[in-house]
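I kept each entry brief.

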Amino acid sequence: MKDTFRLHTPFPPAGDQPAAIAALEKGLEKGMRHQTLLGVTGSGKTFTIANVIAKHGKPALVMAHNKTLAAQLAQEYREFFPEHAVHYFVSYYDYYQPEAYIAHSDTYIEKEAQINAEIDRLRHAATQALLTRKDVIIVASVSAIYGLGSPEEYEKVHVKLARGENVGGRSGLIRKLIGIYFERTNADLSPGFIRAVGNAVEFMPVNERAIYRVTFDGDLVAEIDALDAVSRARTGTPDTVFVFPAKHFVTSEDERQRAVEDIKAELEEQLAKLAREEKPLEAERLKRRTLHDLALIREIGYTSGIENYSRHFDGRAPGEPPSTLLSYFPHREDGTPDFLTVIDESHVTVPQIAGMYAGDRSRKDVLVEHGFRLPSARDNRPLRFEEFEARVGQVIYTSATPGPYEREHSVPPHGQVVEQIIRPTGLIDPELTVRPVSEGAGAERGYRGQVADFIDSAETVITRGGRALATTLTKQMAEDLAEFLRARGMKAEYLHSDVKTIERIEILTSFRKGTFDILVGVNLLREGLDLPEVELVGILDADKEGFLRSETSLIQTIGRAARNVLGRVILYADRMTGSLERAISETNRRRALQLAYNEKHGITPATIKKEIRDIAETMRSEHEKTVVELLALDTLAYRDDPAAFIAAKRAEMAEAVEALDFETAALIRDEIYELEGKQPKAKRQAAAPRGRRR
């Protein structure tokens, strides 16, 4: 399998990279279970791992601790492996409030979620690639350890369509697709939907942006056409199409009937238990909900919250772990994992993986105790850490600051720590300056405090075209500081965990492009964010010892300035804490090694040059992209006479509706919305038809 991947790169490994690549690959060949790549920020850890993946030749899982970092890594691996299947697998919820019950206030919180359809499509693309290809790299968040549904069932119930095959005609195909959780519609097609058009059926799979139109001759498939989802232009005429289920939790009819009987048996058992405990309210609540869910499962094969019954559908024993994304990766005949796992920024990601199970179990126990769920709901859960360990095989941890777990496990003969201190660019760790937090502190007479000092320093950097980061202790402080900077006429934006996935990526891309100059955040600005334009990092309240100002956090934050030859860091502190002393000492140790290497080899450091690519583009729908393209084409005509142009567009939209061309009508509608947004308010009101609501 050594030729599974072909790495595309315009430059060879340099600095410490060649030695690190060789050491890690040798460790894999020796069967080392745990290896740690201790690579300083900006040393090209991702490039090193890409080389290792290419040499090792097996499918790879790359895990990151948040969606933003996963998105950046996915884009980088796509650039390194353009010929291969690189997929992005993260939670498809833009917003998620899990089901919960607060006993002391008798408050039931119903599950609430906003599903991002595009990310759901990417998840399906990832699992289907694992089932059909060998050259696969999946970049995932910790959602990889959550229950996903059995890969065997997911693969088993797919629908194969071939020209000349008897599928029972139009109605037969519709029944087959509904059986794998597609839904019917008479409007625009979106992933997971089907519609009947004359003697044909059109559907959009969940894993790609394309429409398939199947035309029939009686019961036989006569033609299969692949259509562009927006223009509806024919893009191909495949002889065979494999259609996978529209949902990951799927079961055959026989398995479904068995699961229903198992659920009914568990319900009777739990109702008897609640009766013995004299809990009539809880018993009635559980009975009503479970019978309602069973009715839906029997009728349509699905119900909201079906994942809580996953143990029964999978045929698992109580306490047995669920199938997860890891189950979709290849395994040897003896069941051992046959893929490589890379845990990026492991000092954060490993503890995050380890902490998932306990929180989920605590919440489920309360729901079961008060009759909201059957006990089997506990088995819809993330993996315990020891279960995760057993399912990942050989692991490489990457971090500038490895945690205790990685260091303890990466010891000979079953592991090793490989250092990557020297950067290919010759860049050295940034110069550190410690300044007071408080106004008028220390010997600096007239000193105005950390915010004023940061503003003065940032203005100097911005004047010469650089960017600045500021890290705060809370989300509110980040928002307040960004607002304060904007009030002073500076172009600033904040970033923290409340900002939605795609918006976070867009903010970072805009920052790199220079749309704004200062980015303010909390700990999202620490690990893995590749921002070579940053010349200045200001760490506010650096002497507030704790998680955000620990040695690890400080070193990681300092690293944000290590990709620019002019990079420097100001640590604002009124006292020297232990974490500050250790972080400064380690940074100075690395600087000494890097300076000595550069002097020995005659290297002049250079700022990292990295193309600004936006992975958010890959997560936007084709509809959105086409609207943007139409706006670009129509801008000149719009400027000449906005009112007349919009009126003409409305007429085009009406013609498209009359022709039942709803896709084109929707595109024109959204273009009109965007154009109206550019008009002054009075003109928009005049142009809009009476009674129209936006």
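With which side chain does the side chain of D543 make a polar contact? I found that of K544, at 3.4 Å; a polar contact is a pair of N or O atoms within 3.5 Å, where within protein one must be able to donate a hydrogen and the other to accept it, and residues adjacent in sequence count only if both atoms are side-chain atoms.

I note that this is a predicted model, where local features need pLDDT of at least 70, side-chain atom pairs count only at pLDDT 80 or more, and totals for chains, interfaces and linings use all residues. Residues are numbered from 1 along each chain as its sequence is written, and side-chain values use heavy atoms, with hydrogens and water left out.

**Loop residue.** I placed D543 in the loop between β24 (534–539) and α16 (551–558); helices (H or I, at least four residues) and strands (E, at least two) are DSSP runs, numbered from the N terminus. D543 is buried at 4% relative accessible area (buried means under 20%, with a 1.4 Å probe and protein chains only). Beyond four places in sequence, its contacts (heavy atoms within 4.5 Å) include V437, Y572 and R575.

**Sheet.** I traced an open, mixed sheet of 6 strands in the order β10-β11-β12-β13-β14-β15; strands pair if DSSP finds at least two bridges between them. β10 (183–184) and β15 (234–236) are at the edges with a single partner strand each, so one side of each lacks a neighbour in the sheet. β14 (residues 220–228) pairs with β15 in the antiparallel sense over 2 bridges, and L227 stands opposite R234 in β15.

Conventions:
Buried < 20%, exposed > 50% of the residue type's maximum accessible area, 1.4 Å probe, protein only.
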